[in-house]
Amino acid sequence: MLAFVLTACAGNDETTPKDNKGTESESNENMDLNEEASDSAEEGMDHLEMNHSSSGEVPEYLKVAENATYPVGSEAVMHANHMKGMDGATATITGAFETTVYAVSYTPTTGGEPVENHKWVIHEEIENAGEKPFEVGDEVVLNADHMEGMDGATATIDSAEPTTIYMVSYTDTETGKEVENHKWVTEAELSPVE
């Protein structure tokens with residue numbers, strides 16, 4: 001039996017967000033991550049070490065999307081293959097934010113193979129981000145812990161797009177496991193539930 005303990009946090013009820021540094025890994029200590037690696041385009045990505053669920057805490061300055069296509073509490077179908085069990089799953093929106101989203105390549109701080117084209121890291125999860133978005137080819141330091149070895153890693157921006165980004169909860173279509181507050185899915189990766 002897999003159980004998640006979640007605390008009330010920003011993004012679910014639009015309360016004041018907190019810095020997410022270290023919270024995801026702490027909330028996922030007992031999470032079973034023995035899933036097979038994705039066959040997606042993210043070469044080198046070891047999804048065995050990806051934190052599929054999170055506490056739901058978001059970076060301090062992340063702007064809540066006021067007119068999101070998929071508001072918090074609504075459902076949408078995901079068309080994303082960041083990991084197995086995601087594509088085609090019906091997701092409940094747990095957060096909707098306006099930001100710039102990046103695909104990045106980096107070498108984990110814990111060693112191992114480089115991770116290519118990791119989707120997604122948001123602007124507010126990059127050290128010293130400032131207001132201006134980064135451009136393709138820029139070198140940055142990540143302040144995200146979606147995967148082991150990501151926080152503090154030097155990364156190269158592979159793509160950048162201003163968009164509405166969503167945090168979602170869903171049932172993995174392959175394992176049946178509940179995934180809570182997954183970060184992140186872009187608006188282009190969602191469609192209405194029919």
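The talk below goes through the labels one by one.

Guide: Please keep in mind that this is a predicted model. The chain has 194 residues, of which 49% count as buried, and its secondary structure comes to 1 helix and 8 strands, in the order α-β-β-β-β-β-β-β-β from the N terminus on.

Visitor: Why are Tyr70 and Tyr166 called an aromatic pair, and what makes the pair edge-to-face?

Guide: The structure holds 3 aromatic pairs, and in the one formed by Tyr70 and Tyr166 the ring centres are 5.9 Å apart with 70° between the planes.

Visitor: What parts does the pair of Tyr70 and Tyr166 tie together?

Guide: Tyr70 lies in the loop between strand S1 (63-64) and strand S2 (75-78), whereas Tyr166 belongs to strand S6 (residues 154-171), so the pair links parts that are 96 residues apart in sequence.

Visitor: How do you know whether Tyr70 is buried or exposed?

Guide: Buried means under 20% relative accessible area, and because Tyr70 has a value of 9%, it counts as buried. Tyr166, at a relative accessible area of 0%, is likewise buried.

Visitor: Why is Lys119 called partly exposed?

Guide: Lys119, which has its place in strand S4 (residues 115-122), has a relative accessibility of 25%. Partly exposed covers the range between under 20% for buried and over 50% for exposed, so the 25% of Lys119 puts this residue in the class between them. The C-alpha atoms of Lys119 and Val104 are separated by 7.0 Å, although the two residues are 15 residues apart along the chain.

Visitor: Which residues line the second largest pocket, and how is its lining divided by class?

Guide: The pocket, with about 150 Å³ of space, is lined by Glu98, Thr99, Thr100, His123, Glu124, Gly130, Glu131, Lys132, Pro133 and Pro162. Its lining has 2 nonpolar, 4 polar and 4 charged residues; Pro counts as nonpolar, Glu and Lys as charged, and Gly is among the polar ones. The largest share of this lining, 3 residues, comes from strand S3 (residues 90-106).

Visitor: How much of the chain's contacts with a separation of 6 or more comes from residues 24 or more positions apart?

Guide: Such residues account for 65% of those contacts, where a contact means heavy atoms within 4.5 Å.

How values were computed: Residues are numbered from 1 along each chain as its sequence is written. This is a predicted model: local features need pLDDT of at least 70, side-chain atom pairs count only at pLDDT 80 or more; totals for chains, interfaces and linings use all residues. Side-chain values use heavy atoms; hydrogens and water are left out. Rings of Phe, Tyr and Trp (its six-membered ring) pair if their centres lie within 6.5 Å; planes under 30 degrees apart count as stacked, over 60 as edge-to-face and the rest as tilted. Helices (H or I, at least four residues) and strands (E, at least two) are DSSP runs, numbered from the N terminus. Buried means under 20% relative accessible area, exposed over 50%, partly exposed in between (1.4 Å probe, protein chains only). On a 1 Å grid over the protein atoms alone, a cavity is a set of points where a 1.4 Å probe fits but cannot get out, and a pocket is an open set with protein on both sides within 12 Å along at least five of seven lines; lining residues have an atom within 4 Å of a point. Grid points are joined across faces, edges and corners, and a volume is the space filled by probe spheres set on the points.
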